[in-house]
Every structure is written in structure tokens, then in C-alpha cells.
Amino acid sequence: MIEPLFLEGVIKILFVFVLISAALIISTRSLASVLTTYTVQSFLLAAVSFLLYLMEGKSELLLLAGLTLASKVLLIPHFIKRIEEKIKISRDLNFTYLEPTTSLLLSIGLILLSYAFLSRVFEAFALSKLFFFGAVIGLSLTLMGMLVMFSRRKVITKALGYLSMENGVLMFGIFVTELPFILEILIIIDLIILVLLTSILAVGLDSSIEEYRKKIRRLQVWNGGEAL
Amino acid sequence: MLEALAYGAVFALVSGTVLPLLYRSKNARQASFGLSLISSVLLLGFAGTVLYTGKEPSFPAFGFLPGLDFTLAADRLTAGFVLLIAAVLPGVSIYSLEYTEHAKSEARKALQAALTSLFVLAMLLVVLAGNMVGFLIFWEIMSLSSLLLVLHDYSSEENKKAGFFYFVMTNISTTFLFLGFISLYRLTGSAEFGPLEYPAGALTLPFLCLFIGFGVKAGLVPFHKWLPYAHPAAPSNISALMSGVMLKVAIYGFLRFLLAAASPELWWGVLILIAGSLSALFGVIYALKESDIKRLLAYSSIENIGIIFIGIGLYVIFRVEGLETLALMSLAGACFHAFNHALFKSLLFLCAGSVVHATGTRNIEAFGGLVKTMPATSALFLIGSVSIAALPPANGFAGELLLYQAFFQASALSANPLLTVFMVIALSSFALTGALAAALFVKLFGITCLALPRSEESRLAEEVEKPMLFGPAVPAVLCILTGIFSKQILSLAGWDIEFPDLLLLGLLLAFIYAALFLAVRAKTEIPDRISETWGCGFPALTPSTEYSSAGFSEPLVMIFKSIYRTRIVHRPEYFDGQESLFKNGHVEIRLLRFFEEYLYIPPALAIDSLSKRVAKLQNGKLDSYVLYAFLAVLTLIIATGVLV
């Protein structure tokens with residue numbers, strides 16, 4: 001049996017890597033790198049889940065680790081890699097609202113905000129330090145994923161932002177709420193469908209959501225407030 | 001028995017609403033107006049009995065929503081205003097028999113007849129409503145049905161603007177009423193119109209909300225601007241109803257609240273009195289300059305609403321000061337003037353409708369000589385003008401006399417010198433209003449009916465059909481009767497106040513005039529001589545040498561020059577951005593529309609630009625929407641963090 005304290009130390013180190021991966025998703029311009037980062041992040045999550053299984057011995061955690069490994073480390077990245085090859089775009093250089101530097105600074109703010117928020121919310125529960133940190137990282141990851149979704153232009157990056165956000169939810173779930181296992185499976189199925197849809201949109205229509213919007217607008221009768 | 005009369009009237013009006021919609025024939029429309037006539041007789045019986053005997057009918061409550069019952073109720077205040085409706089309705093109904101038939105298409109005729117009945121029904125039920133729920137529901141029906149009637153001729157740009165203006169203003173009114181009633185409900189915990197026994201200060205919010213809400217609907221300055229737009233757009237019979245009855249319904253609502261409030265405050269009375277005086281004065285000053293006959297009458301309505309509010313203000317002040325007799329006299333003055341105004345203003349609007357129908361224009365500069373071409377209408381118009389100018393013994397005089405009497409005795413307020421000074425100022429402005437109103441109607445009647453026709457349309461005008469003469473004849477007769485028998489009517493209604501007997505005065509006046517006429521006639525030896533007026537050396541006198549409307553009011557315009565300020569507007573258009581190639585331009589010199597430009601347009605523009613900014617949020621960009629979601633989540637997190 002491995003020492004629990006040692007395991008805890010390893011998990012904490014993994015937390016740091018998870019945060020670094022989130023930061024990389026925000027700022028990396030090469031699509032291939034973003035994908036790799038996401039794969040690594042998912043792998044880290046699977047590892048965290050596995051280590052937690054070793055600590056607590058709940059079989060769901062082991063299943064979750066396996067499921068994450070299969071879907072998020074192998075299947076989804078494989079799909080996305082194929083899309084990237086097809087659309088022949090290797091970089092996402094454009095940002096809306098926030099430039100990468102600002103985004104990173106904002107992310108630090110988000111982590112602090114999550115910390116402050118959760119420490120107030122969990123005041124009443126006697127949560128161990130590890131679990132509390134897990135929740136903070138999970139929430140930060142969710143928010144940072146959302147940040148990716150609106151600050152980056154390409155559909156692929158947006159999808160990866162969403163996936164990263166879901167990783168945050170998963171993390172939060174592992175440490176705090178313990179979602180029923182069936183829900184985890186459903187979420188993963190959702191993700192796979194999302195990736196499939198993304199592939200259709202990205203390959204079939206265009207690589208950039210801007211272009212896609214123009215095409216949509218040409219078809220619709222009512223155009224939003226922009227014409228005013 | 002009493003209840004049956006009220007139910008009968010309501011039933012008649014409901015059938016009058018449905019009938020023209022089911023059968024699109026002239027007969028159905030005639031029947032609809034006939035039913036209005038029947039309902040007015042029933043209401044007369046109902047209101048007269050309640051007013052005379054003081055017996056209050058009891059109506060069962062109708063379950064409307066769980067916890068919200070809808071009840072009818074009638075006390076003497078209600079009866080007074082039901083009587084007002086019953087007095088205006090016959091004239092308008094008879095008039096509409098013919099007038100509605102001039103509408104452009106069958107559908108419009110049917111719609112106009114149906115909506116007229118609905119409008120009257122809604123006004124009746126607002127007055128009869130026993131609690132706030134029914135009041136607000138029927139208030140809204142009243143507003144909407146009148147809006148549709150204002151938009152009757154919806155194809156013209158001007159009418160669309162009028163309708164929109166009215167729509168906005170009436171919604172502002174309803175919003176404030178809701179606020180007022182909700183704050184009352186929070187205070188009392190019931191939707192009934194019960195006595196409000198609360199210490200001073202507790203009723204401030206409801207008072208202000210209801211004052212604004214009812215003030216907007218009644219057309220009190222500075223919320224009056226919808227009136228001069230809506231009346232020219234509306235058909236004349238509807239103008240008669242709106243000005244004659246609907247404005248009074250607002251007065252009724254306001255009085256209902258003030259009478260229920262057990263301890264009104266002095267500043268309420270002062271505020272009402274100031275608003276009333278300003279409305280009266282501004283109304284008549286703007287009317288003097290106006291040359292659109294219906295707009296002129298609309299401004300005159302503002303003036304008269306001001307006079308009624310002066311009476312209400314006096315009532316509150318005297319009540320706070322503990323002078324019960326004077327308070328009662330002021331209240332009687334306000335109510336009686338409201339009743340009288342309903343009569344002569346509907347009479348004037350109906351006559352104006354006939355004149356506009358006969359000549360095809362609303363511009364009084366184009367009228368003239370109608371006394372020869374339309375003698376009966378002119379005679380009715382004269383009665384209306386005499387009444388509204390408050391000449392004895394017509395009813396306008398009787399109502400205003402009550403207010404003057406109350407004002408004169410305000411010296412009883414000697415305890416508060418500041419208040420006395422204030423009352424003197426209010427009295428003088430009230431007197432000025434009276435004088436200007438007389439000048440206004442001398443001008444209106446003189447320019448419209450006397451002298452030579454100023455235009456071809458006026459020369460060729462023909463007297464209108466019988467119903468359009470019998471209709472206005474009803475309020476005309478009532479105007480004279482209520483004036484002459486004012487003392488008797490007031491005492492029948494239970495107001496035994498010190499008041500001169502106008503019957504005696506009328507007889508005396510008639511006798512003096514007759515004696516003078518006969519004396520002069522007997523004395524004079526020169527026989528009647530018919531010749532041409534001296535034309536200052538011109539070969540022939542043409543209508544262009546006549547006194548014009550603008551010319552008549554010029555001296556008064558000079559006096560009030562500071563109020564009638566002009567504005568020069570020019571809007572050039574250019575081909576290019578540097579403004580060097582002139583393309584087109586519009587230049588006008590017009591009266592400064594003070595309230596509109598400084599009070600109405602700025603908030604409207606602010607709301608507009610705010611809406612445009614809000615609309616920009618919906619820009620069709622996915623990124624922005626995700627950003628909003630992100631910000632919403634952040635706000636939620638921060639809010640939860642703060643609240644926990």
C-alpha cells in the first residue's frame with residue numbers, strides 16, 4: 001500500500017500541471033499544440049482520478065479514470081486531429097475581446113476569485129485541504145474554459161475550450177459532489193457528439209465561425225442588431 | 001330595483017357593442033346607438049335615485065381570480081359621475097346616428113359604433129367599480145378602446161403620431177395608477193376602496209402616484225400634451241365623449257382617493273391648486289393662439305380641467321384647515337363644474353364636428369358667415385360658447401361662481417398669512433383665466449359664425465342632417481336648464497350651500513334686457529336703415545378685410561409674448577459629407593412647443609438611445625454571447641460569495 005500522504009503530494013503536483021495546461025490552452029497559437037495540451041490535461045485528470053482511487057478505494061473513481069483515458073485522451077483527440085488535418089489550418093492567431101496576456105492575467109484573477117468564493121461557501125463543511133483545492137482548480141478550469149470560448153476565433157479552439165471547461169466540471173465533480181456515474185457517461189457521450197458536430201461544421205462549412213455567421217446571415221430574414 | 005337599472009344599462013351597452021360587429025348594416029348601428037340612449041335613461045334613473053335618496057345599492061361580488069373579487073358599488077360620488085355619463089350620452093348617441101355614417105367604409109362604421117359603446121361601457125364600469133381590480137381592468141379597456149377610436153382614420157401620418165402619443169401617455173397614466181394602487185394595497189392589505197385612516201406622511205407615495213396617474217389622463221399641465229394631438233385625430237363624437245366624460249373619470253378616481261384619505265395634508269392641496277391654476281392659465285393661453293378648431297377646444301378642456309383641479313385643491317386646503325362649509329362648497333364647485341364642462345364641451349365638440357363636416361376643414365381662418373349657412377348649428381354653438389365663457393345664467397357661470405365664492409371667503413384662513421397670500425395669487429390667476437376664456441370664445445364664435453365667409457367651402461356649407469342637430473340640442477338645453485336651476489339642483493343633490501338663485505337672476509336679466517330694448521325702441525324715431533358698412537375708401541369689402549383669428553388674438557399674444565416664443569428650425573440636406581453641395585432643405589418658424597421639446601422629447605430620446613445600446617448587445621456574434629454567459633456566471637459567483 002502506498003502512503004496516502006505521498007499520494008496527496010503527487011495529486012497536488014498534478015494540480016499545478018492542470019493549471020499550466022489550462023493557461024496553455026488560453027495562449028497557445030498552434031492548433032496542434034492546443035490539442036496536445038488538452039490531451040495532456042485529460043491525462044492528468046485521469047491520473048488524478050486514479051490516484052484518488054488508490055487513496056480512497058472507490059471503484060467509481062477507477063472507472064472514471066478508465067473512461068476519461070479512453071474518451072478524452074484517445075478518442076476525442078483522435079477525432080480532432082483528423083479535423084485539423086482536413087481543414088489545413090495549423091494556427092489560430094486571432095483573439096476577440098482579450099489578448100492572451102490579458103487573458104492570463106484575468107485567469108489569475110479567476111483562480112483567486114474561485115478560491116475566495118469557495119472558501120466562503122465551504123466554510124460550513126469541514127472539507128480537507130486536498131478536496132478544497134480540487135474544487136478550486138475545477139471551478140477555475142471551468143471559468144478558464146469559458147474564457148477560451150469567447151476569446152478565441154477558430155471553431156476548433158472554441159470546441160477545445162468547451163472540452164477543457166468540461167474537464168473542470170469533472171474535476172469539481174470528483175472532489176466535491178460525486179456525480180452519479182451514469183451522468184459522467186452521458187456527459188462523455190455528449191462530448192463525443194459535440195466533437196462530431198464540430199467536425200461537420202468546421203469541415204463542411206468553414207474553419208472560422210465568422211465566415212459561418214456570414215453564411216447564416218445571408219439565409220436569415222432578420223439580421224441582428226448590427227445593422228442598426 | 002336600483003340594481004336592475006344598472007344591470008340593464010350595462011346589458012344595453014354590451015349589446016350595443018356586439019350588435020354592429022355581428023351585423024354590418026345601418027340598422028344594426030342605429031340600434032346600437034338606440035341602446036346607448038336607453039342605457040342613458042336607465043342610468044339617469046339609477047344615479048338620480050342614489051343621489052336623491054342616498055340609498056346605496058348592493059351588488060353581489062363576482063369571483064374574478066382567486067382572492068380577487070370584482071365588485072360593483074355606488075355611493076353618492078359615484079352617482080354624480082354616473083349622472084354625468086347619462087347626461088352626455090343621449091346627445092352623443094343621437095348625433096352619432098348620422099355622424100358615424102360619414103365614415104369611409106362599412107367596416108369602419110361598424111367598428112366605430114361598436115367601440116363607442118364599448119368605450120362608454122368601460123367608463124361606466126370604471127366609475128361603478130367597487131374595488132381596485134375592477135377599476136384598473138376597466139380603466140385599461142377604456143384607454144384601449146379610446147385609443148382605437150383616436151386611430152380611427154389611421155391612414156394619415158398625423159393621426160398615427162397622435163395615436164402613438166396618446167398610447168404612450170395613457171400607458172404612463174396606467175403605470176402610475178398601478179403603482180399608486182399597489183402602494184395603497186400594501187398599506188391596507190385590501191383592494192377595496194375603504195376609508196384610509198393613516199397618519200400624515202403614510203399616504204405620500206400613493207398620493208403622488210395617483211396624482212400623476214390621474215393627472216396625465218385628465219390632461220393636467222405638464223402632462224397635457226396628448227390632448228391637442230388626440231382630439232383633432234379622433235372623430236368628433238368621440239372627442240365629445242373623451243373630453244366630456246373620460247377626463248372626468250380621471251377626476252372621479254382622484255376624488256375617490258382624496259375623499260377616502262382621512263387626513264390629507266396641506267401640501268397636497270397646495271400642489272393640486274398650483275397644478276390646477278397652471279393648467280387653467282396655460283390651457284387658455286395656448287388656446288388663444290390656436291386656429292385648429294378641435295385643437296382649440298382641446299386646449300380649452302385643459303383649461304377647464306385646471307378649474308376643476310383648482311376646486312379640488314381648495315377642498316383639500318379648507319379641509320385641512322378645518323373649514324368644513326368652505327371645503328364642501330369647493331367640492332361642490334369642482335363636481336358641478338365637471339358636470340357642466342361635460343355638457344358644454346360635448347356640445348361644442350359636436351358642433352365643431354358638424355362645422356368640420358360641412359366645410360371640410362378644421363382651420364377657423366377658413367370659416368365665417370356660418371350663421372347664415374348653418375343657422376341651427378350656429379345657435380347651438382352660441383349656447384355652448386356662452387356657457388363655457390361663464391356668462392350668467394348659463395351653467396358655466398354657476399359652477400365657477402361656487403369656486404369664486406369659496407376663494408373670496410379664503411380670508412378665513414387668517415391663521416396662516418403665507419397661505420392667504422398664496423390664495424390671493426391663485427384667485428387672481430383664476431380670474432385672469434375666466435377673462436381669457438371669455439375672449440377665446442368670443443373669438444371662436446365670432447370668427448366661425450359671424451361676418452362673411454372667408455373661403456369657398458364656408459360659403460357653400462350646408463346645414464347638417466337632423467340627428468346632428470338634435471344631438472347637440474340635448475346638451476344645449478341642459479346647459480341652460482342646469483344654469484338657471486343650479487341652486488335647486490345643488491340642493492336636490494344634497495348640497496345646501498349659500499348660493500344665489502340663478503332663476504331669479506335670469507328672470508331679472510331677461511326683464512332688464514326686454515325693458516331696455518323696448519325703451520330704446522319706443523324712444524328712437526329713426527326707422528331701420530339698411531346700408532353698406534363704410535369700407536375705409538375701398539371699392540368693395542371682401543372677406544380678406546375681415547378680422548381674422550390671428551388678428552383678434554394679436555393684442556393678447558403681445559401681452560403673453562414671453563410664453564409664445566417662436567423657434568426657427570432649419571434642416572438642410574447636402575449631397576456630400578463636407579456640407580458644401582446643397583441638396584434640399586426645410587425651414588420653418590413655429591411656436592416653441594415648450595413642454596414637448598423640454599419635457600417630453602429628452603426622456604424619449606434617452607430611452608431611445610438606451611434601447612439602441614441594449615439592442616447592440618444582441619449582435620449575432622457567438623463570442624459576445626459566450627462572453628455574456630461568462631459575465632453572468634462571474635456575477636453569480638460574486639453575488640453568492642457576498643451573500644453567503
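Biologist: Is the crossing of α12(B) and α14(B) left-handed or right-handed?
Modeller: Left-handed. Bear in mind that this is a predicted model.

Biologist: Which residues are in those two helices, and at what angle do the axes cross?
Modeller: Helix α12 of chain B covers residues 324-359, and helix α14 of chain B covers residues 375-388. Their axes cross at roughly 145° and come within 9 Å.

Biologist: Which residues meet there?
Modeller: From α12(B), B:F344, B:L347, B:L348, B:C351, B:S354 and B:V355. From α14(B), B:T377, B:L380, B:F381, B:G384, B:S387 and B:I388.

Biologist: Switching to strands. What does β3(B) pair with, and is the sense parallel or antiparallel?
Modeller: β3(B) pairs with strand β4 of chain B, residues 582-591. The sense is antiparallel, over 9 bridges.

Biologist: Which residue is the bridge partner of B:T566?
Modeller: B:L591, in β4(B).

Biologist: How many residues of strand β3 of chain B are buried?
Modeller: The count is 0 among its 9 residues, 566-574. That strand is hardly covered.

Biologist: And B:V587, where does that one sit?
Modeller: In strand β4 of chain B.

Biologist: Buried or exposed, and why?
Modeller: B:V587 is exposed, because 9 other C-beta atoms lie within 10 Å. The cut-off for exposed is 12 or fewer.

Biologist: What does B:V587 touch?
Modeller: B:V569 and B:H570, leaving out residues up to four places away in sequence.

Biologist: How many Å separate the C-alpha atoms of B:V587 and B:L382?
Modeller: 39 Å, with the two residues 205 apart along the chain.

Biologist: What domains does the assignment give for chain B?
Modeller: Domain 1 is 1-185 and domain 2 is 566-643. Their centres, taken over C-alpha atoms, are separated by 39 Å.

Biologist: On to chain A. How many helices and strands?
Modeller: Chain A has 8 helices and 0 strands.

Biologist: What percentage of chain A is buried?
Modeller: 36% of its 228 residues.

Biologist: And of the contacts between residues at least 6 apart in sequence, what percentage join residues at least 24 apart?
Modeller: In chain A, 76%.

Methods: Residues are numbered from 1 along each chain as its sequence is written. Chains are lettered from A and ligands numbered from 1 in the order in which they are written. This is a predicted model: local features need pLDDT of at least 70, side-chain atom pairs count only at pLDDT 80 or more; totals for chains, interfaces and linings use all residues. Domain bounds come from an automatic or database domain assignment. Axes are lines fitted to C-alpha atoms, for helices over the stretch in contact, and angles run from 0 to 180 degrees between N-to-C directions. Helices (H or I, at least four residues) and strands (E, at least two) are DSSP runs, numbered from the N terminus. A crossing is left-handed if the near helix is turned anticlockwise from the far one by less than a right angle, and right-handed if clockwise. Two residues are in contact if their C-beta atoms, placed from the backbone, lie within 7 Å. A residue is buried if 20 or more other C-beta atoms lie within 10 Å of its own, exposed if 12 or fewer, and partly exposed in between; C-beta atoms are placed from the backbone. Two strands pair if DSSP finds at least two bridges between them.
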